[in-house]
Amino acid sequence: MTHVLDQLTLADIARHLDATLVGDGGQAIRGLATLKDAEPDEVAFVANRAYLKDLPSTRAAAVLLHPEHGKTCPVPRLEMENPYLGYAKLSQLFDPVPARDRPGVHPSAIVAEDVTLGAEVCIGPHAVVEAGVVLEAKVVIGSGSVVGADTMIGEETRLYPNVTVCHGVVIGKRVILHSGCVIGGDGFGFAHDGARWHKIAQLGGVVLGDDVEVGSCSSIDRGALGDTVIGDDVKIDSQVQIAHNVRIGEHSALAGCVGIAGSTQVGRHCMLGGGVGLSGHLTICDGVQVTGMSLVTNSIHEPGVYSSGTGSMNNAQWRKNAVRFKQLDDIAKRLSRLEKRTRTP
Amino acid sequence: MTHVLDQLTLADIARHLDATLVGDGGQAIRGLATLKDAEPDEVAFVANRAYLKDLPSTRAAAVLLHPEHGKTCPVPRLEMENPYLGYAKLSQLFDPVPARDRPGVHPSAIVAEDVTLGAEVCIGPHAVVEAGVVLEAKVVIGSGSVVGADTMIGEETRLYPNVTVCHGVVIGKRVILHSGCVIGGDGFGFAHDGARWHKIAQLGGVVLGDDVEVGSCSSIDRGALGDTVIGDDVKIDSQVQIAHNVRIGEHSALAGCVGIAGSTQVGRHCMLGGGVGLSGHLTICDGVQVTGMSLVTNSIHEPGVYSSGTGSMNNAQWRKNAVRFKQLDDIAKRLSRLEKRTRTP
Amino acid sequence: MTHVLDQLTLADIARHLDATLVGDGGQAIRGLATLKDAEPDEVAFVANRAYLKDLPSTRAAAVLLHPEHGKTCPVPRLEMENPYLGYAKLSQLFDPVPARDRPGVHPSAIVAEDVTLGAEVCIGPHAVVEAGVVLEAKVVIGSGSVVGADTMIGEETRLYPNVTVCHGVVIGKRVILHSGCVIGGDGFGFAHDGARWHKIAQLGGVVLGDDVEVGSCSSIDRGALGDTVIGDDVKIDSQVQIAHNVRIGEHSALAGCVGIAGSTQVGRHCMLGGGVGLSGHLTICDGVQVTGMSLVTNSIHEPGVYSSGTGSMNNAQWRKNAVRFKQLDDIAKRLSRLEKRTRTP
């Protein structure tokens, strides 16, 4: 994680981004803003043609953009092939979070005696770290977060406040867990004896790869037998549920409110829109996109974009159509009969 | 917030509600209940005609109702034009929560030295309040809640236990944040370099207006650049996700499990049903209602009620119709062909 | 809760499960695994015909299975009519969680003076137990969990870390509450005065029966007047929202991301798939199943399986069909006209 630099010039930024600076590099830069809002000591960017209209009137110190948009830029510029990537890297320079970290264990934290702490670990107020835990260098455990027994957390991973990581979880390097998320709660497994439920103890764990991010209030359940596995560089938004023994391939991204049922396997470089549901025991191949709030109940073997649902409309119009949906099989059969009846013999 | 009164008579209540009392005002009132369950020292109410059937047999001390229902009331009554509003105001008189507040900082709380505390602030056990925070008068911070650096919280705002408010958030007056909610976690922003994701630091904040309520386990993410803004008197239920840079207009209400994607703007006096999803970058005008579990993928420019989905039915019937949905375009084309073919020339 | 046994032989297990052991019972058993992964000191099981293919090559110490599959088993076996139930009971023997409980109150926990603590209660670091609470024998309160005033918790109930139980909640015996869940937050109730919202204080409570389980980050709201009631042996997954005054009958199971709106009553032995939504004020009879992500807006009076939605498909195909859905009422009318027009007179 790059820390905030005190005196960052445009030339420093060009070097950091490996961008081509056109104009004077001496200006000190205080921050990052949109084309519209940028003050004369802030850098703006064009990552989307829709915002090009704001370029001529920007007051930014400089604009990060693609070379093809350079000529209409009224101020110094930083040219890059992928200005959105440039924006990402630049934003990290101005992130105030790392600068607040205080290496050491807060006196109110409860850390078991046999915990292994790497260099510069930060453990915040009222955090709890149970027996057998290993925290590698520069791990940050936020206030009120709990790390269960025998869990291992890799270098530079950050738990924001009030995160819960249960026992026996393995977390990679540079992982970010946002507040309220729960890693390693029990999967939902019960056997029925004809009258009532009997709990299946969830004996597996959770493995999060390197560079995983998990949003606030998301749940990743532990495996029943064997682990729930989230691959490297998987990005998970807020309010997501990932059930026991799910596996998610590297570099996939899951938007908010996604729910994935037990034992489903999602490939690499997949993207699930907000509110998507995947049934259990499916296999979704690499490179699949599912649009928002679609339900997938069968495995997908071809990369591509998948959807379900009806699209929204005015409620009065919708009511009429929704009633017809219930007649749809009948409509189709009537149409077939009519086709037969009117066919010239 | 009105505190529980020790000896509250019917006359006191009539005065508090600005209701017309018909009958003796001397009865001491202990609480509030439904027409059916009310004991002789409790007040009941009729806010919905469906419950009028329970009126003749009620044992309540008095009934809060519209004047038009007065004559069938067998006990003293409190007449108001809006008895549901009267019920709301009355319920607050009997709320036991404020009476339990203990002004002061619990010795186990960790409060940074430079925090500004207004009069009668209550900070509960194991709460954490970071540097630079301002808590105005009568703010309540529940047990285990964490308030991040430089956050400002207005008068009489209440954080229930185990709430997380991240750094640099601005919260208005009389706001209620329920347990487990997270205000100001990172928005979900990443740039792709063709092989992997790069995090976009979320440099904006969150602004909650006055009288906002946020339900348990809901997430309101901080802005990427600029703030996520929730207007005055917006009511948000449990399990809701509000992504970065969303703006919600005053007096709107969002039911449980709603998800709103990044940068969408919702107008004033909107109502989103449970589980509704709004795609990103939309504009929803004032006065829009969306029915439960509908997905909205386009901006809405006319007030009204909007819906998507199919309605539920018996699974056997549904299966037949759902199969036909996949043939719908074909059905429509066949119908058109048939219409042409059978048109008398 | 059964604790891990140090030296458990196959004969011990057969006795515990009331299974018929075929083969030598002397082997010491260390754990439980799938047919494929089991080591020679682990027990495997066949609860699903799909896994029978792995039976001939298993290296397990023994296999738990139905008598009809006994003859193809290459190793000692434990025969039972319901091997999945056997697996559940067996899994509990190897659950490492109970063995870590430390009876007593951690010195960092804040426990009010008048709290009633049963025998062998465990209260973890930084937990908070407010005034008037009763914790029966063997209750476990995890690190950072908060139990509100006057709440009662029955024998052997376990709160994992960072759970919030609000004031005046009644919880049965052997209940399991997973991290991040919130029991007894306010229901979502407001009266509108024509211009703005007025909060309805939520004066009811929550009652959880015996043997209830609630997943991580789920919300069960307290009643407005009267209680929200969850029957015995109801199993609730993660990310679920249950609104005020809902009632769920015994032995029902709710998968992840379910949302149930206010005052709806769900019968006994119901099963709601992931992401299902139930509107408010409905009555769902006993024995109803609703498939994943269906929305139910009307009461259901017949047991059976219910569904809504369209099924997912390739996005290009879906777009065409979704457009036609908006024309569905028109299509149906055109078909009727055509039927009339082509009817032989």
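## Contacts of B:Ile176

In this predicted model, B:Ile176 touches B:Arg158, B:Tyr160, B:Val212, B:Glu213, B:Val214 and C:Lys199, leaving aside residues up to four places away in sequence. One of these partners, C:Lys199, belongs to chain C.

B:Ile176 lies in strand β20 of chain B, which covers residues 176–177. Its relative accessible area is 10%. Buried means under 20%, so B:Ile176 counts as buried. B:Gly311 sits 135 residues away along the chain. The C-alpha atoms of B:Ile176 and B:Gly311 are separated by 35 Å.

## Helix α4 of chains B and C

Helix α4 spans residues 328–342 in chain B and residues 328–342 in chain C. The two axes come within 11 Å and cross at roughly 35°. The crossing is left-handed.

From α4(B), the residues in contact are B:Leu328, B:Ala332, B:Leu335, B:Ser336, B:Leu338, B:Glu339 and B:Thr342. They meet C:Leu328, C:Ile331, C:Arg334, C:Leu335, C:Leu338, C:Arg341 and C:Thr342 of α4(C). By class, this contact has 8 nonpolar, 3 polar and 3 charged residues.

## Helix α1 of chain C

Helix α1 of chain C runs over residues 10–17. Its buried residues are C:Leu10, C:Ile13, C:Ala14 and C:Leu17. They cover an arc of only 100° around the axis, so they lie on the same side of α1(C). An α-helix has 3.6 residues a turn, so residues three or four places apart point the same way.

## Domains of chain A

The domain assignment of chain A gives domain 1 (8–98), domain 2 (103–306) and domain 3 (316–345). The C-alpha centres of domain 1 and domain 3 of chain A lie 57 Å apart.

Note on methods:
Residues numbered from 1 in each chain as written. Chains lettered and ligands numbered in written order. Predicted model: local features only at pLDDT ≥ 70, side-chain atom pairs only at ≥ 80, totals over all residues. Heavy atoms only, no water. Buried < 20%, exposed > 50% of the residue type's maximum accessible area, 1.4 Å probe, protein only. Helix = DSSP H or I, 4+ residues; strand = E, 2+ residues; numbered from the N terminus. Arc of directions from axis to C-beta. Axes fitted to C-alpha atoms, helices over the stretch in contact; angles between N-to-C directions. Left-handed = near helix turned anticlockwise from the far one by under 90°. Contact = heavy atoms within 4.5 Å. Nonpolar A, V, L, I, M, F, W, Y, C, P; charged D, E, K, R; others polar. Domains from an automatic or database assignment.
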